[in-house]
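Please examine the sequence and the model before reading each solution.

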Amino acid sequence: DMPCANCESMTVLKTMGPVEWEWQGPDGRDYYIYDFPFVDIDGSTLIMEMGIDITERKLAEKAFREASAYNRNLIEASLDPLVTIGPDGTITDVNAATEFVTGYSREELIGTDFSDYFTAPDNARAGYQQAFQEGSVRDYALEIRHRDGHITPVLYNASVYRDDIGNVTGVFAVARDISKLKQAEMELQKHWELLQVT
């Protein structure tokens with residue numbers, strides 16, 4: 001029998017080369033098909049075809065894409081700067097709030113040293129290293145330096161995240177802008193000093 005005119009098996013006969021393609025069977029399952037040409041002992045050209053059921057893999061890929069999109073939406077919904085940091089201290093992901101507070105794009109930030117964006121890089125490095133060692137840090141005070149020089153005081157909360165088998169693969173860090181709190185403290189200090197003078 002000749003293969004169907006509209007399926008990839010026909011390509012094998014036209015090119016006499018192997019072809020790989022995906023096909024959904026009448027059972028609704030997905031298959032990865034390998035077609036190879038070969039010549040029978042009587043000289044006729046035949047196609048050897050092997051199919052691998054990839055239905056579960058396709059479902060897993062779809063679930064992963066949906067989970068990734070959901071996580072990205074959660075990250076971007078936050079008004080607080082969010083950063084993920086690899087074990088070597090490099091930034092692996094950021095949200096739009098981080099781009100805003102630093103003045104750098106996501107593409108510029110990813111792969112660079114997390115500690116480079118602070119007025120005290122050594123303190124920033126110590127903070128994420130503490131998170132890796134202890135599992136988390138709470139209310140860790142730092143100051144983010146924007147590329148234009150503007151300083152934003154923040155409190156960082158960070159915790160490790162793990163892969164499927166429990167190995168620590170990075171730190172997830174959230175910065176809370178405390179500029180208004182600092183300003184209120186300064187105002188309060190001024191009033192207190194005025195009260196002391198009178």
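**Exercise 1: Aromatic rings**

Ring pairs connect F114, F118, Y128, F132 and Y156 into a cluster. The model is a predicted one, in which local features need pLDDT of at least 70 and side-chain atom pairs count only at pLDDT 80 or more, while totals for chains, interfaces and linings use all residues. Residues are numbered from 1 along each chain as its sequence is written, and side-chain values use heavy atoms, with hydrogens and water left out.

Task: determine how many aromatic pairs the structure holds, and describe the pair of Y104 and Y117.

Solution. Rings of Phe, Tyr and Trp (its six-membered ring) pair if their centres lie within 6.5 Å; planes under 30 degrees apart count as stacked, over 60 as edge-to-face and the rest as tilted. Eight aromatic pairs are found in the structure. For Y104 and Y117, the ring centres are 5.4 Å apart and the planes stand at 70°, so this pair is edge-to-face. Y104 lies in the loop between helix 3 (96–102) and helix 4 (106–109), and Y117 in the loop between helix 4 and helix 5 (121–134), so the pair ties together parts that are 13 residues apart in sequence. Helices (H or I, at least four residues) and strands (E, at least two) are DSSP runs, numbered from the N terminus. Y104 counts as partly exposed, at 23% relative accessibility, whereas Y117 is buried at 10%. Here buried means under 20% relative accessible area, exposed over 50%, and partly exposed in between (1.4 Å probe, protein chains only).

**Exercise 2: Surroundings of S115**

Task: state where S115 is found and which residues S115 is in contact with, leaving aside neighbours within four places in sequence.

Solution. S115 is located in the loop between helix 4 and helix 5. Its relative accessible area is 0%, so S115 is buried. Contact means heavy atoms within 4.5 Å; apart from neighbours within four places in sequence, S115 is in contact with P121, A124 and R125. The side chains of S115 and R125 are also joined by a polar contact of 2.9 Å. Such a contact is a pair of N or O atoms within 3.5 Å; within protein, one must be able to donate a hydrogen and the other to accept it, and residues adjacent in sequence count only if both atoms are side-chain atoms.
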